[in-house]
Amino acid sequence: MSQTVKESKAAYDIVRERFGNAVSEFDANPTMPFFEVLDASRWVDIALYMRDNSLLQFNYLACLSGVDYPEEQKLGIVCNFECIGKYTHRIAVKVKCQRDGGSIPSVSCVWHTANWHEREAYDMYGMVFEGHPELRRILCPEDWTGFPLRKDYQVQETYHGIKVPY
């Protein structure tokens with residue numbers, strides 16, 4: 001295990017000690033170590049803890065990406081976190097919800113940059129972020145049909161009488 005992964009594992013251990021079975025086992029992926037939040041209702045508490053704990057200080061949300069897991073009938077996010085300043089650890093966190101009718105709590109109140117990332121995941125995947133202050137489309141028009149990054153997306157042939165190029 002590289003030093004970078006060891007630092008990520010140490011940060012994970014602090015989260016796991018506090019939240020127990022609400023999080024998965026640690027995945028020591030050498031590119032980006034990660035864990036999954038198994039109880040999505042705990043996501044905001046975990047996020048606040050990751051940001052505010054003096055041994056963690058994950059003060060930088062580098063990316064929040066949507067993911068479609070059609071074989072599991074789920075949608076999800078992958079968040080990449082870093083501590084800028086005091087520590088050098090980084091980690092990814094995955095959170096999933098049901099593909100139809102599911103939601104993930106918004107962390108835009110924890111990291112303000114999540115506001116735009118969550119809106120993009122909503123627009124591209126149809127993922128609902130409970131508690132988001134302004135969840136609306138960000139790239140597609142409000143009346144666009146479907147969610148373009150879902151694996152089963154069918155491109156609409158026209159939009160307001162204009163042929164959609166594909």
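A residue is taken as buried when its relative accessible area is under 20%, as exposed when it is over 50%, and as partly exposed in between, with a 1.4 Å probe and protein chains only. The structure is a predicted model, in which local features need pLDDT of at least 70 and side-chain atom pairs count only at pLDDT 80 or more, whereas totals for chains, interfaces and linings use all residues. Residues are numbered from 1 along each chain as its sequence is written, and side-chain values use heavy atoms, with hydrogens and water left out.

Asn 53 counts as buried because its relative accessibility is 15%. Asn 53 lies in the loop between helix 2 (43-52) and strand 2 (60-69), where helices (H or I, at least four residues) and strands (E, at least two) are DSSP runs numbered from the N terminus. When residues up to four places away in sequence are not counted, Asn 53 touches Ile 14 and Leu 48, a contact being heavy atoms within 4.5 Å.

Ile 14 is also one of the buried residues of helix 1, among which are Val 5, Ser 8, Ala 11, Tyr 12, Val 15 and Phe 19. The cover over these buried residues includes strand 1 (34-37), helix 2 and strand 4 (90-98). Helix 1 (residues 3-19) comprises 17 residues and reaches 24 Å from its first C-alpha to its last, close to the 24 Å expected at 1.5 Å a residue, the expected span being 1.5 Å times one less than the number of residues. Just after helix 1, Gly 20 adopts a positive phi of about 50°.

Ten salt bridges are present in the structure, each defined as a side-chain nitrogen of Lys or Arg within 4 Å of a carboxyl oxygen of Asp or Glu. In one of them, the side chains of Lys 96 and Glu 36 meet at 4.0 Å, N to O. This pair links distant parts of the chain, with Lys 96 in strand 4 and Glu 36 in strand 1, 60 residues apart. Both Lys 96 and Glu 36 are buried, and a network of salt bridges links Glu 36, Glu 72 and Lys 96.

A salt bridge at 2.8 Å, N to O, joins the side chains of Arg 99 and Asp 68. Here too the pair links distant parts of the chain, since Arg 99 is in the loop between strand 4 and strand 5 (103-105) and Asp 68 is in strand 2, 31 residues apart. Arg 99 is buried, with a relative accessible area of 8%, and Asp 68 counts as buried at 3% relative accessibility. Glu 134 forms a salt bridge with Arg 136, the closest N and O atoms being 2.7 Å apart; Glu 134 counts as partly exposed at 39% relative accessibility, and Arg 136 counts as partly exposed at 36%.
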